[in-house]
Amino acid sequence: MCIGIPGKVVALDENQPQHAWVDVCGVQREVNIALVCQDDEPPEALIGSWVLIHVGFAMSRLDEHEAQETLSALQAMGEVEQDVALFLAGEGGQERR
């Protein structure tokens with residue numbers, strides 16, 4: 001299944017440029033932010049922003065309303081799709097320690 005998951009950027013990764021920690025349903029995951037960083041703003045400007053994540057990359061930015069609607073739809077899908085439910089529960093992927 002190819003699916004994008006909304007997450008909120010909570011911190012930059014101190015050891016890897018163009019990487020950030022993104023909160024996805026209470027679980028923080030490392031994500032590459034190179035595709036959503038704009039040349040005219042510092043990476044710190046992304047903190048607090050919502051992004052759509054696919055295979056470890058932030059693919060686009062979204063507003064909070066759109067992110068919450070998408071999360072609600074994914075949670076409803078999680079009731080029938082085991083892989084979506086596992087991802088939303090924080091199983092799989094690299095988590096912040």
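## Ground rules

Buried means under 20% relative accessible area, exposed means over 50%, and partly exposed covers what lies in between (1.4 Å probe, protein chains only). This is a predicted model, so local features need pLDDT of at least 70 and side-chain atom pairs count only at pLDDT 80 or more, while totals for chains, interfaces and linings use all residues. Residues are numbered from 1 along each chain as its sequence is written, and side-chain values use heavy atoms, with hydrogens and water left out.

## Cysteines

Let's start with the sulfurs. Cys-37 comes out as partly exposed, at 25% relative accessibility. Cys-25 is partly exposed too, at 32%. A disulfide here is a pair of cysteine sulfur atoms within 2.5 Å, and searching the whole structure turns up 0 of them.

## The salt bridge

What about charge pairs? Side chains of opposite charge can pair when their charged atoms come close. The test for a salt bridge is a side-chain nitrogen of Lys or Arg within 4 Å of a carboxyl oxygen of Asp or Glu. The whole structure has 1 salt bridge. Glu-41 and Arg-61 form a salt bridge, with their closest N and O atoms 2.1 Å apart. That pair links distant parts of the chain, 20 residues apart: Glu-41 sits in the loop between β3 (27-32) and β4, and Arg-61 in strand β5 (residues 57-62). Strands are DSSP runs (E, at least two residues), numbered from the N terminus.

Both partners are partly exposed: Glu-41 has a relative accessible area of 22%, and Arg-61 has 34%.

## The nonpolar core

A nonpolar core is a set of buried Ala, Val, Leu, Ile, Met, Phe, Trp, Tyr and Cys residues joined through side-chain atoms within 4.5 Å. The largest one holds 13 residues, and Val-9, Val-22, Ile-33, Val-36, Val-51, Ile-53 and Ala-58 touch the most other members. At least two residues come from each of β1 (5-12), β2 and β4, with β2 giving the largest share, 3 residues.

Contact means heavy atoms within 4.5 Å. Leaving aside neighbours within four places in sequence, Val-51 is in contact with residues including Ile-5, Val-9, Val-22, Val-36, Ala-58 and Arg-61.

His-19 lies in strand β2 (residues 19-24) and is buried, at 18% relative accessible area. Beyond its neighbours within four places in sequence, His-19 is in contact with Leu-12, Asp-13, Glu-30, Val-31, Asn-32 and Ile-33.

His-54 belongs to strand β4 (residues 50-54) and is partly exposed, at 25%. The C-alpha atoms of His-54 and Ile-3 are 6.5 Å apart, although 51 residues separate the two along the chain.

Note on methods: Helix = DSSP H or I, 4+ residues; strand = E, 2+ residues; numbered from the N terminus.
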